[in-house]
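Subject: Structure handover

Hello,

Here is the structure for you to look over. My notes on what turned up follow below it.

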Amino acid sequence: MSVLWTPEALQDRTEIWNYIAADNPVAAAKMDELFSYAAARLTEHSKLGKPGKIQGTRELIPHENYRLVYEINGDTVWILTLIHTSRQWPPARN
């Protein structure tokens with residue numbers, strides 16, 4: 001099983017890195033390591049996360065403040081978003 005990050009999820013990850021690194025680059029690196037570790041675990045245990053709030057997705061909490069939302073498509077795990085747990089998920093529809 002391979003794990004791929006969508007461009008949107010990579011953007012989320014970059015924004016989280018930038019936000020944390022502005023105050024503490026070491027903490028940003030540690031948080032990013034947690035994200036990498038969580039994604040790597042999905043290569044062997046793709047159903048590690050619980051069923052997601054959006055049908056067909058799963059959610060893994062790599063840190064108490066962050067939710068990693070992904071879907072399994074064949075032999076690929078697609079990371080769809082990485083979002084702070086205080087933010088509304090799924091986003092409100094307009």
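Predicted model: local features only at pLDDT ≥ 70, side-chain atom pairs only at ≥ 80, totals over all residues.

Overall dimensions

The protein has 94 residues and a radius of gyration of 13 Å; a compact globule with that number of residues would be near 12 Å, so the two agree. The C-alpha trace spans about 40 × 35 × 25 Å along its principal axes. Of the 94 residues, 37% are buried.

Take the contacts between residues at least 6 apart in sequence. Among these, 42% join residues at least 24 apart.

On charges, there are 10 positive and 11 negative. Their mean positions are 8 Å apart.

The aromatic pair

How many aromatic pairs does the structure hold? The count is one. The partners are phenylalanine 35 and tyrosine 66, in an edge-to-face arrangement. The ring centres are 5.4 Å apart, with 80° between the planes. Phenylalanine 35 sits in helix H2 (residues 25-41) and tyrosine 66 in strand S4 (residues 66-73), so the pair ties together parts that are 31 residues apart in sequence.

Phenylalanine 35 has 1% relative accessibility, so it counts as buried. Tyrosine 66 has 8%, so it counts as buried too.

Two loop residues with contacts

Glycine 49 lies in the loop between H2 and S2. Its relative accessible area is 3%, so it is buried. Setting aside neighbours within four places in sequence, glycine 49 contacts Arg58, Glu59, Leu60 and Tyr70. Its C-alpha is 23 Å from that of alanine 92, which is 43 residues away in sequence.

Threonine 57 belongs to the loop between strand S2 (50-51) and strand S3 (58-63). Why does threonine 57 count as buried? Its relative accessibility is 8%, and the cut-off is under 20%. Residues up to four places away in sequence are again left out of its contact list. What remains for threonine 57 is Pro51, Gly52, Val69, Tyr70 and Leu80.

An exposed loop residue

Alanine 22 is in the loop between helix H1 (7-21) and H2. Here the relative accessible area is 65%, so alanine 22 is exposed; the cut-off for exposed is over 50%. Alanine 22 and alanine 38 are 16 residues apart along the chain. Their C-alpha atoms are separated by 23 Å.

The cis peptide bond

One more item for your set-up. The peptide bond joining tryptophan 89 and proline 90 is cis. Omega is about 0° there. Proline 90 is in the segment after strand S5 (76-84).

Best wishes

How values were computed:
Residues numbered from 1 in each chain as written. Heavy atoms only, no water. Rg over C-alpha atoms; globule rule 2.2 N^0.38 Å. Buried < 20%, exposed > 50% of the residue type's maximum accessible area, 1.4 Å probe, protein only. Contact = heavy atoms within 4.5 Å. Lys, Arg positive; Asp, Glu negative; His and termini not counted. Charge placed at Lys NZ, Arg CZ, Asp CG, Glu CD. Phe/Tyr/Trp six-rings, centres within 6.5 Å; stacked < 30°, edge-to-face > 60°. Helix = DSSP H or I, 4+ residues; strand = E, 2+ residues; numbered from the N terminus.
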